[in-house]
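Biologist: Could you walk me through this structure? I'm new to it, so please go slowly.

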Amino acid sequence: MTTYLLPMEQGHKVSDLTDPASGEISAEDEATLPCVLVFNASDPSGAGGLACDAVAIASVGAHMLPVVTGAYARDTSEIFDHFPFDEEAVAEQARTILEDVEVQLIKVGFVGSPENLSTVAETATDYPEVPVVAYMPNLSWWEDTQIEAYLDAFRELVLPQTTVLVGNHSTLWRWLLPDWAGERPPSARDIARAAGEMGVPYTLVTGMVLPDQYFDNVLASPQSVLASEKYERLDAVFAGAGDTLSAALAALLASGTDLAAAATEALSYMDRCLDAGFRPGMGHVLPDRLFWAQSEEDEENDDLLSPIDLALPPPDTRH
């Protein structure tokens, strides 16, 4: 499938994500990329975390301002542990850059502790005009007591500040609707209504299982479905898909794209990253977030390519 990202409306303040205002862009704005403040952990595998955010956000055309909240101990197969930063270190990182740079959007990944979630919430409260995209990953690798404390703090502190919540269907279902007793799985609108009770206006639910090896991905509000994209299930186990999607969505919104279009473009970007995925280690396949950097013609003529113009040694990767 071929898709093209919408052109950026640089310098645009995203106040109403469903109806961005149009207007003249000054010369000063044209020289500035939209900036996304990101709270996330360092991931040495590059599957998710800040490494993923940096590449995906840059690919879409925005600039990331990274706030390191901790570090994973992980490989491409699994997460073994996480070491959170002290909340004062996280707060100081955010404070110093926000005093210097105007941000168009805040993106929240895994921040490692309830204390750091409190710091994120305080930052978002100080900038109420800045939208927040919050991604909830699968935390099944963690201890049950830590998961419970983290989810409780996220629900109480971060969700009331969140503009768009992003997560896998099963993850959001277990978290937001733990007592679901329906005969069928909850729909995206059911999950959006549960998130809406905590103040979240929009929820992007991914990985909803459909017949014939398809997944549905639905952007919904408590009142309606805004966008839906169906993709065929790929025959591989991936790591980092959710981080990729939420980062691309954050960058598109920061660039001025309206919410429904941004969700559609971000989902298409993620699908193409997965379709071009690669396996750098002995574990899962990782999304190729720079799939666009090499054309089909280049792939057919790799032996003819030369890095001489860049004064670099021959590349070992597909890029």
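Biologist: Is Cys 52 buried or exposed?

Modeller: Cys 52 is buried, with a relative accessible area of 0%, where buried means under 20% relative accessible area with a 1.4 Å probe and protein chains only. This is a predicted model, in which local features need pLDDT of at least 70 and side-chain atom pairs count only at pLDDT 80 or more, while totals for chains, interfaces and linings use all residues. Residues are numbered from 1 along each chain as its sequence is written, and side-chain values use heavy atoms, with hydrogens and water left out.

Biologist: And how many disulfides are there?

Modeller: The count comes to 0 disulfides, a disulfide being a pair of cysteine sulfur atoms within 2.5 Å. For Cys 52, the nearest cysteine sulfur is that of Cys 273, 8.4 Å away.

Biologist: Switching to helices, at what angle do α4 and α5 pack?

Modeller: Helix α4 (residues 114-126) and helix α5 (residues 144-158) pack at about 15°, with their axes 9 Å apart; the axes are lines fitted to C-alpha atoms over the stretch in contact, and angles run from 0 to 180 degrees between N-to-C directions. The two helices, α4 and α5, are therefore roughly parallel, a label for angles under 35 degrees.

Biologist: Which residues of α4 meet α5?

Modeller: Pro 114, Leu 117, Ser 118 and Ala 121 of α4 meet α5 residues including Tyr 150 and Phe 154, with contact meaning heavy atoms within 4.5 Å.

Biologist: What about α3 and α4, how far apart are their axes?

Modeller: Helix α3 (residues 87-98) packs against α4 at about 20°, with the axes 8 Å apart.

Key
Helices (H or I, at least four residues) and strands (E, at least two) are DSSP runs, numbered from the N terminus. Angles under 35 degrees count as roughly parallel, over 145 as roughly antiparallel, 65 to 115 as roughly perpendicular and the rest as oblique. Buried means under 20% relative accessible area, exposed over 50%, partly exposed in between (1.4 Å probe, protein chains only).
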